[in-house]
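Please go through this structure step by step, beginning with the sheet and the helices beside it, then turning to the pocket, and ending with a few single residues.

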Amino acid sequence: MADKVRIKLGNRPRVKKQIAAYLVARYAPGATLAFRAVRTKTGKRTSAVYLARATSADLNEIVWLPEGGLTSLLHEIGHHRLEGHGKAKSDMDEIVNEALAWRWAEWAAQQENLWFDYKTADSSFATYTRSAPIKINWRKKDVF
């Protein structure tokens, strides 16, 4: 079991990094966490997970852009948990993996009593489904 992490309340960058370290230690023990941005093909700064090859002893790396919020970190942890090693084999696999990672992130946010940013999640998922109107069937959105 991981050592207990003391977290102070607040929304400062240091506190967010402490929460991020706790989440990775709890939900992605086979991954390392890096605090930096990754650039997409269009130049946008984002977070990502780099999955090690199944034949490699390397750990998966979760790269998190703190400005993206904890929702994006949970999503990347979801990729680590659901995909393990390697890459998706087809475009459909990639879309399914995206939806599953977002749904896992929603579940984890509820478990940790964290706010989940549905707007960001929906807009991020929409970048994978521009040619088809596919939406994620959220479990907790608009429940209240």
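Two strands are said to pair if DSSP finds at least two bridges between them, and the strands themselves (E, at least two residues), like the helices (H or I, at least four residues), are DSSP runs numbered from the N terminus. What is shown is a predicted model, in which local features need pLDDT of at least 70 and side-chain atom pairs count only at pLDDT 80 or more, whereas totals for chains, interfaces and linings use all residues. Residues are numbered from 1 along each chain as its sequence is written, and side-chain values use heavy atoms, with hydrogens and water left out.

In these terms the protein has four helices and five strands, and from the N terminus on the elements follow the order α-β-β-β-β-β-α-α-α. Three of the strands form an open sheet in the order E1-E5-E4, with mixed pairing. Its edges are strand E1 (31-35) and strand E4 (48-50), each of which pairs on one side only. From one strand to the next the twist averages 20°, where axes are lines fitted to C-alpha atoms, for helices over the stretch in contact, and angles run from 0 to 180 degrees between N-to-C directions.

Strands of a sheet pair through backbone hydrogen bonds, either parallel or antiparallel. Here E1 and strand E5 (residues 60-64) pair in the parallel sense over five bridges; along this pairing Ala-31 stands opposite Asn-60 in E5, and Leu-33 has Ile-62 of E5 as its bridge partner.

How much of E5 is covered? Four of the five residues of E5 are buried, which leaves this strand mostly covered; buried means under 20% relative accessible area, exposed means over 50%, and partly exposed lies in between (1.4 Å probe, protein chains only). Across the protein, buried residues make up 36% of the 144 residues.

Helix H2 (residues 69-83) lies across E1, E4 and E5, running at about 165° to E5. Among contacts in the protein between residues at least 6 apart in sequence, 58% join residues at least 24 apart.

The next feature is the pocket. On a 1 Å grid over the protein atoms alone, a pocket is an open set of points with protein on both sides within 12 Å along at least five of seven lines, and its lining residues have an atom within 4 Å of a point. The largest pocket has a volume of about 1,300 Å³, a volume being the space filled by probe spheres set on the points, which are joined across faces, edges and corners. Of the 33 residues that line this pocket, Thr-40, Thr-46, Ser-47, Glu-98 and Tyr-128 are the closest to its centre. Two or more lining residues come from each of strand E2 (38-39), strand E3 (45-46), E4, H2, helix H3 (91-111) and helix H4 (118-126), and the largest share, five residues, is given by H2. By class the lining has nine nonpolar, 14 polar and 10 charged residues, where Ala, Val, Leu, Ile, Met, Phe, Trp, Tyr, Cys and Pro count as nonpolar, Asp, Glu, Lys and Arg as charged, and the others, Gly among them, as polar.

Thr-71 has its place in helix H2 and, with a relative accessible area of 5%, is buried. Not counting residues up to four places away in sequence, Thr-71 touches Trp-102, Ala-105, Trp-115, Phe-116 and Asp-117. In strand E4 lies Tyr-50, which counts as partly exposed because its relative accessibility is 38%. Asn-113, finally, is found in the loop between H3 and H4, where it is exposed with a relative accessible area of 72% and has a positive phi of about 60° although it is not a glycine.

Conventions. Contact = heavy atoms within 4.5 Å. 1 Å grid on protein atoms, 1.4 Å probe; cavity = no way out; pocket = protein on both sides within 12 Å on 5 of 7 lines; lining within 4 Å.
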